[in-house]
Amino acid sequence: MFSKILVPTDGSPVAQKAAKYAVKLAKETGAKILLLSVIDKRFMVNQSMPAIASPTHLIDTLEGYLMQAAEAYTKEIEKLCKKSNVLVKTLIKTGYPVEEIIKEAEKSKADLIVMGSHGKSALKAVVLGSVTMGVIHKDSRIPVLLVRR
Ligand code: ATP
Ligand code: MN
């Protein structure tokens with residue numbers, strides 16, 4: 001049924017829950033998992049800020065920190081894949097999450113995207129997170145499976 005499942009994660013409990021769901025699904029269907037974490041550029045550049053307010057070394061430090069965090073939470077899912085005999089590949093990219101998710105899904109010819117309805121944001125009342133909204137509204141034919149929080 002599925003041969004490659006793209007699993008975008010920001011490390012939040014909902015995203016990790018979605019990733020675990022995806023691993024089960026991959027095991028059942030014999031699919032491979034492509035794990036993707038996007039270091040969100042929106043956190044790093046702010047056009048309205050004068051350059052002095054966002055010195056390069058601070059941006060590098062922040063990016064390094066986010067990168068390390070991403071390695072840790074993707075490793076958790078990699079371990080689960082190995083335990084479940086599911087082939088996994090991990091990608092950590094810097095950019096805009098919606099764009100990178102769709103770009104990677106198309107490029108790698110994923111036949112399913114499994115993601116969380118929500119992510120890291122504390123805005124609990126929002127119906128769906130903006131990354132989820134963006135992905136389902138993009139012009140793509142790849143089906144999306146949402147795991148609820
Ligand atoms: P918002 O970001 O709009 O304030 P939120 O953080 O609650 O709200 P989203 O960011 O849309 O919600 O997260 C929904 C899902 O999108 C997550 O469960 C995860 O699967 C995916 N996702 C979100 N951010 C990233 C990211 N930076 N890299 C990879 N996947 C992501
Ligand atoms: Mn988010």
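Start by selecting strand S2, residues 32–40: S2 gives five residues to the lining of the largest pocket, the largest share of any element. Keep in mind as you go that this is a predicted model.

Now show the pocket itself, which has a volume of about 750 Å³. Colour the lining by class and you will find 18 nonpolar, nine polar and six charged residues.

Next, select helix H2, residues 56–83. Which residues of H2 are buried? Pick out Leu-66, Ala-70, Tyr-73, Thr-74, Ile-77, Glu-78 and Cys-81. Residues three or four places apart on an α-helix point the same way, because there are 3.6 residues a turn. Show the neighbours too: the buried residues of H2 pack against helix H1 (13–29), S2 and strand S3 (88–95). Just after H2, stop at Asn-85, which takes a positive phi of about 60°.

Finish at the second largest pocket, with a volume of about 170 Å³. S2, S3 and H3 each give two or more residues to its lining. Select its lining residues, among them Lys-4, Lys-32, Leu-91, Glu-104 and Ser-108. By class, this lining has five nonpolar, one polar and five charged residues.

Terms used. Residues are numbered from 1 along each chain as its sequence is written. Chains are lettered from A and ligands numbered from 1 in the order in which they are written. This is a predicted model: local features need pLDDT of at least 70, side-chain atom pairs count only at pLDDT 80 or more; totals for chains, interfaces and linings use all residues. Side-chain values use heavy atoms; hydrogens and water are left out. Helices (H or I, at least four residues) and strands (E, at least two) are DSSP runs, numbered from the N terminus. The expected span of a helix is 1.5 Å times one less than its number of residues. Buried means under 20% relative accessible area, exposed over 50%, partly exposed in between (1.4 Å probe, protein chains only). Contact means heavy atoms within 4.5 Å. On a 1 Å grid over the protein atoms alone, a cavity is a set of points where a 1.4 Å probe fits but cannot get out, and a pocket is an open set with protein on both sides within 12 Å along at least five of seven lines; lining residues have an atom within 4 Å of a point. Grid points are joined across faces, edges and corners, and a volume is the space filled by probe spheres set on the points. Ala, Val, Leu, Ile, Met, Phe, Trp, Tyr, Cys and Pro count as nonpolar, Asp, Glu, Lys and Arg as charged, and the others, Gly among them, as polar.
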